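Please open the structure in your viewer and keep the selection tool at hand. The tour makes a few stops, and at each one you select something and then look at what lies around it.

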Amino acid sequence: MNVKVKQRIPLKIKRMGINGEGIGFYKKTLVFVEGALAGEDVYCQITDVKRNFAQARLLTINKSSPYRVQPSCSIYEICGGCQIMHLRYDQQLVYKDDVIRQAMKKFKPQGYELYDIRPTIGMDNPWHYRAKLQFQTRYFGGSVKSGLYQQDSHRLVSLTDCLVQDELTQAIVNRITQLLDKYHLPIYNERKIAGIRTVMIRKGQASNHIQLIFITSKILDLDDVIAELTQKFPQIKTVAFNLNTSKSSAIYGDKTTILWGEETITEEVLHYSFELSPRAFYQLNPKQTNRLYSEVAKALDISPSDRLIDAYCGVGTIGFIFADKVAEVRGMDIIPEAIADAKENAKKLGFKNTFYEVGKAEEIIAHWYQMGYCANALIVDPPRTGLDDKLLKTILDIQPEKMVYVSCNASTLARDLVTLATVYKIDYIQSVDMFPHTARVEAVVKLQKRNEDKNE
């Protein structure tokens, strides 16, 4: 390597990486600089040297990008929850297109040079869009604080006015933090104290109803806190409790119990409404979810005779788009509460051609096919880790004619397309900005089985 730790170097930033950092070359050494933008000339200090690259801290900007803006958030550089708020919003969308191109170039799935990568669909108002929060609680400075861990650390950053968080959920977590102090409830400490670890709050955009979960490492009496909260915020419809005694970084324990209120809240997307239990997965940005699901609907050319599998189905939301237009929809999810919601939602919507099962997609789909079931359409919406190897193999074995891949990680998407492109033609990739001011990219990919006779 041509650099060493603490060395100060000038650097021209050529592009931005998948985590929003600036990238340049110093004497053929690849250097990553957090906070730098493409086109800038910077002066930076090397903080870490790896085998193939180095990391550096931004010291000064000698030539600034015309797209650099002053972040609206006063703790932007401390928090780390957003990575690209210093980049003008229209250029954030351009950056996200490039993230997908970079991922494709790195993994090189078949024909990637010719992929139709369409411009990212942004938001008209990219603020206060997150309808769900999961804030850690810790005791420091003489009082309880709630917020997020600073990036790559266990240092909690107190958040009381997050600019990307829904304002009602932020107000509720602020009040919860005050009440935890007021009633002297124990706050979790990794070393010795059992108590409240995390607070989850979710708002149904359509109903304005709130559900919340207290995640704790011991059973607590929360009656006084619940009474004050529900009196001040009548929008709260569900209060739940989750016991997590694990020392791991997992947020939730196995069982969630309703302490007060209703089992579910109502949400809407496109032309239908559905119920959400506290643990069930749903997109964090309800406004953009309508756009995302509209793109899924466009990408999957369905017909009345189609049999559709909705892998990683959650509460059934994506599959419901097609349920009244196809012969059958089947889905699976590893969270039992989500599958219970999916079944109940399908019943309320009047669908009699849906079937849902608890389990891993790679195991359930293989089992269905062993039992003689056959589908010709597939939707996958996996977590950031992408598709399981076993599921990829199953897809290549069953080869449904048409497929839509909804991805929240460009790198694992490109990795999975290396396998899928051996059987499928990638028609296009349409990204939707679900997380403005962050480096995260959400994309809808349309795939069609290759016609070997036509050598496609």
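Begin by selecting aspartate 433, which in this predicted model sits in the loop that runs between strand β21 (424-432) and strand β22 (442-449). Is aspartate 433 buried or exposed? Its relative accessibility is 1%, and because buried means under 20%, aspartate 433 counts as buried.

Now show the surroundings of aspartate 433, where, leaving aside residues up to four places away in sequence, you will find that it touches Tyr89, Leu93, Lys96, Thr120, Ile121, Gly122, Met123, Asn285 and Gln288.

The next stop is a sheet. Select its seven strands, which form an open sheet in the order β9-β8-β7-β10-β11-β12-β13, with mixed pairing. At the edges you will see β9 (156-158) and β13 (256-261), each of which pairs on one side only. If you look along the sheet, neighbouring strands are turned against each other by 35 degrees on average, with direction ignored.

Within this sheet, select strand β7 (residues 132-140) and strand β8 (residues 143-149), which run antiparallel and are joined by five bridges. Here phenylalanine 140 stands opposite serine 143 in β8.

Finally, select helix α3 (residues 167-182), which packs on the sheet and touches β7, β8, β10 (196-203), β11 (210-216) and β12 (236-243). The direction of helix α3 makes about 150 degrees with that of β10.

Technical notes: Residues are numbered from 1 along each chain as its sequence is written. This is a predicted model: local features need pLDDT of at least 70, side-chain atom pairs count only at pLDDT 80 or more; totals for chains, interfaces and linings use all residues. Side-chain values use heavy atoms; hydrogens and water are left out. Helices (H or I, at least four residues) and strands (E, at least two) are DSSP runs, numbered from the N terminus. Buried means under 20% relative accessible area, exposed over 50%, partly exposed in between (1.4 Å probe, protein chains only). Contact means heavy atoms within 4.5 Å. Two strands pair if DSSP finds at least two bridges between them. Axes are lines fitted to C-alpha atoms, for helices over the stretch in contact, and angles run from 0 to 180 degrees between N-to-C directions.
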